[in-house]
Amino acid sequence: GSRGPFVGVVDLIRMRAVVWPTVMDSQRIDDYPPTVTPLSFDSTSSTCEITRAALAAREALIEEIAEVDDTMEELYLEHLETESNIISSDDVLAAVRRATLTRRMLPVMAGAALKGRGIQ
């Protein structure tokens with residue numbers, strides 16, 4: 001891409017960075033597992049640009065899911081009122097599943113098949 005090589009993704013639901021090695025000596029993808037790093041859910045204490053961007057993207061994702069799922073809408077409104085309540089990964093996954101099964105949402109993932117990144 002325009003920002004450099006594709007080396008990883010951020011799982012917005014579980015708030016974790018998944019980064020693959022940049023040098024691979026063999027053709028076997030299984031020989032090079034990604035590094036998974038948890039990211040903070042606290043935007044005020046994070047100085048990491050990726051974490052701040054991921055938190056903003058997660059908030060936007062949850063807002064979009066709330067538009068098509070009543071249960072998530074209730075959780076989201078409660079989250080806005082309390083500002084300290086983090087919507088759990090399980091709640092987000094359940095809402096994505098419900099919205100997908102009712103064809104109100106289509107999840108999209110990122111990956112690079114040529115490099116074997118994000119396709120497992």
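The protein contains three helices and three strands. The model is predicted. From the N terminus on, its elements follow the order β-β-β-α-α-α. The chain has 120 residues, and 24% of them are buried. Among contacts between residues at least 6 apart in sequence, 44% join residues at least 24 apart.

Helix α1 packs against both other helices. α1 and α2 meet at an angle of about 135 degrees, and their axes lie 6 Å apart. Angles over 145 degrees count as roughly antiparallel, and 65 to 115 as roughly perpendicular. The two helices are therefore oblique to each other. Their crossing is left-handed. On the α1 side, the contact is formed by E59, I62, E63, I65, A66 and V68; on the α2 side, by D70, M72, E73, Y76, H79 and L80. Seven of these residues are nonpolar, one is polar and four are charged.

Helix α1 spans residues 49–68, and helix α3 spans residues 89–101. Their packing angle is about 45 degrees, with the axes 10 Å apart. α1 and α3 are therefore also oblique to each other. α1 passes α3 in a left-handed crossing. R58, I62, I65 and V68 of α1 meet S89, V92, A95, V96 and A99 of α3. This contact comprises seven nonpolar residues, one polar and one charged. I62, I65 and V68 of α1 take part in the contact with α3 and in the contact with α2.

In soluble globular proteins, nonpolar side chains tend to be buried together. The largest nonpolar core here has ten residues: I13, I62, I65, A66, M72, Y76, I87, V92, A95 and V96. Each of α1, α2 (70–82) and α3 supplies at least two residues of this core. Apart from it lies another core, of five residues, including A17, L39, A54 and L55.

Leaving aside residues up to four places away in sequence, I65 touches M72, V92, A95, V96 and M105. Of these partners, M72 lies on the α2 side of its contact with α1, whereas V92, A95 and V96 lie on the α3 side of the other contact.

Definitions and conventions
Residues numbered from 1 in each chain as written. Predicted model: local features only at pLDDT ≥ 70, side-chain atom pairs only at ≥ 80, totals over all residues. Heavy atoms only, no water. Axes fitted to C-alpha atoms, helices over the stretch in contact; angles between N-to-C directions. Helix = DSSP H or I, 4+ residues; strand = E, 2+ residues; numbered from the N terminus. Parallel < 35°, antiparallel > 145°, perpendicular 65-115°, else oblique. Left-handed = near helix turned anticlockwise from the far one by under 90°. Contact = heavy atoms within 4.5 Å. Nonpolar A, V, L, I, M, F, W, Y, C, P; charged D, E, K, R; others polar. Core = buried A, V, L, I, M, F, W, Y, C linked by side-chain atoms within 4.5 Å. Buried < 20%, exposed > 50% of the residue type's maximum accessible area, 1.4 Å probe, protein only.
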